[in-house]
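Student: I'm new to this structure. Could you walk me through how to read it, one feature at a time?
Tutor: Happy to, so let's look at it together.

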Amino acid sequence: MKYKYMNKNWIYKGIGCLIFTTLSVSCRMDNEREVTTTEVKVSSKDQTVEKASSDFDFLPSSTTNQIIEHEGYILSYSEENEQAEWVAYELKKSELNYNNNYFKRPFFIEDPKVSSASADWKNYRRSGYDKGHLCPAGDRKYSKSAFDETFYTSNISPQLHDFNEGIWNRLEQKVRYWAGKYDGIYVVTGGVLDENLPTIGDEDVTVPNYFYKVLLDENDGDYKMIAFLVPHRDSDRPLYEFVVSVDEVEKRTGIDFFPKLNDADEVRLEKNSDYKNWSFK
């Protein structure tokens, strides 16, 4: 009888251990499911865009509601025009230290993140226009992946060769100069996508008549802003002759460039077309 009683005790103990183990495994699996759910939420598209927006504090408004985030820039894609209405990025002083990185230029390819598909590069073939970068490859030399992403067709716009290699290139170089001088600046750039513009290719890629750059410098809570509106043709005129108010570019594009600035600063900065605070040496 004692032997049987001991057997029962061991049976009861075994059942208890089994129940405890089952509950422990169940709890651990529930915890793992909770962690996985949290990770999915953090990596969701909306959260990614929100995170990018907080990293880049002054993203413009989007008239197309198709905002795409890449490693080195963010854009608002216009399917109607088969290009970005704006490309925005921060050009840090430290990122200018990589000019000696001579990466091999990749082929232009469609942007894998554009849900409606960005234009095929073949639209530019024999069109008479360059594939003009909006975020320049030269501004993203700090990594091969960031450099390569500037060759997505969502980041290019049809540009006349003399314009692309001429005044537009001079303006890009001046932006790098200011990024070094002012310890980094925010850049927003694109073509003015008016109605009834000429197009190229089978996908009717719009050819802008004007291109713009809007720059913002922040230094310990003090801001200064400058905007350029450049006709789509080469020019030997000095860059400061193309300075306009941000308000003017907003009227031409329908874009609100710095909606996160407080209203008083935004109104004051965007109506001003004075360039005296920016060095044109």
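Tutor: Let's begin with a charged pair: R140 and E95 form a salt bridge, with their closest N and O atoms 2.6 Å apart. A salt bridge here is a side-chain nitrogen of Lys or Arg within 4 Å of a carboxyl oxygen of Asp or Glu. Where do the two partners sit? R140 is in the loop between β4 (130-133) and α3 (144-149), and E95 is in the loop between β3 (83-91) and β4, so the pair ties together parts that are 45 residues apart in sequence.

Student: Before we go on, what kind of model is this, and how are residues numbered?

Tutor: It's a predicted model: local features need pLDDT of at least 70, side-chain atom pairs count only at pLDDT 80 or more, and totals for chains, interfaces and linings use all residues. Residues are numbered from 1 along each chain as its sequence is written, and side-chain values use heavy atoms, with hydrogens and water left out.

Student: Are R140 and E95 buried or exposed?

Tutor: Both R140 and E95 are buried. Buried means under 20% relative accessible area, exposed means over 50%, and partly exposed is in between (1.4 Å probe, protein chains only).

Student: What is the general idea behind such pairs, and how many salt bridges does the structure hold?

Tutor: Side chains of opposite charge can pair when their charged atoms come close. The structure holds 7 salt bridges. One of them joins K144 and D148, whose closest N and O atoms are 2.8 Å apart. K144 and D148 are 4 residues apart in helix α3, which means they are separated by about one helical turn. K144 is partly exposed at 36% relative accessible area, and D148 is partly exposed too, at 25%.

Student: Now for a helix: which residues of α7 are buried?

Tutor: In α7 (residues 263-270), the buried ones are D265, E266, L269 and E270. Seen down the axis of α7, these buried residues fall within an arc of 105°, so they line one face of the helix. The arc is that of the directions from the helix axis to the C-beta atoms. D263, A264 and V267, on the other side of α7, are exposed.

Student: What lies in the segment after α7?

Tutor: S279 has its place there. At 12% relative accessibility, S279 is buried. S279 and W178 are 101 residues apart in sequence, yet their C-alpha atoms are 7.7 Å apart in space.

Student: How should I read a backbone angle, say phi of N65?

Tutor: Phi of N65 is near 60°, a positive value in a residue other than glycine. N65 sits in the loop between α2 (45-55) and β1 (67-69) and is exposed, with 71% relative accessible area. E82 also has a positive phi, near 55°, and is likewise a residue other than glycine.

Student: Where does E82 lie, and is it buried or exposed?

Tutor: E82 lies in the loop between β2 (74-78) and β3. At 6% relative accessibility, E82 counts as buried.

Technical notes. Helix = DSSP H or I, 4+ residues; strand = E, 2+ residues; numbered from the N terminus.
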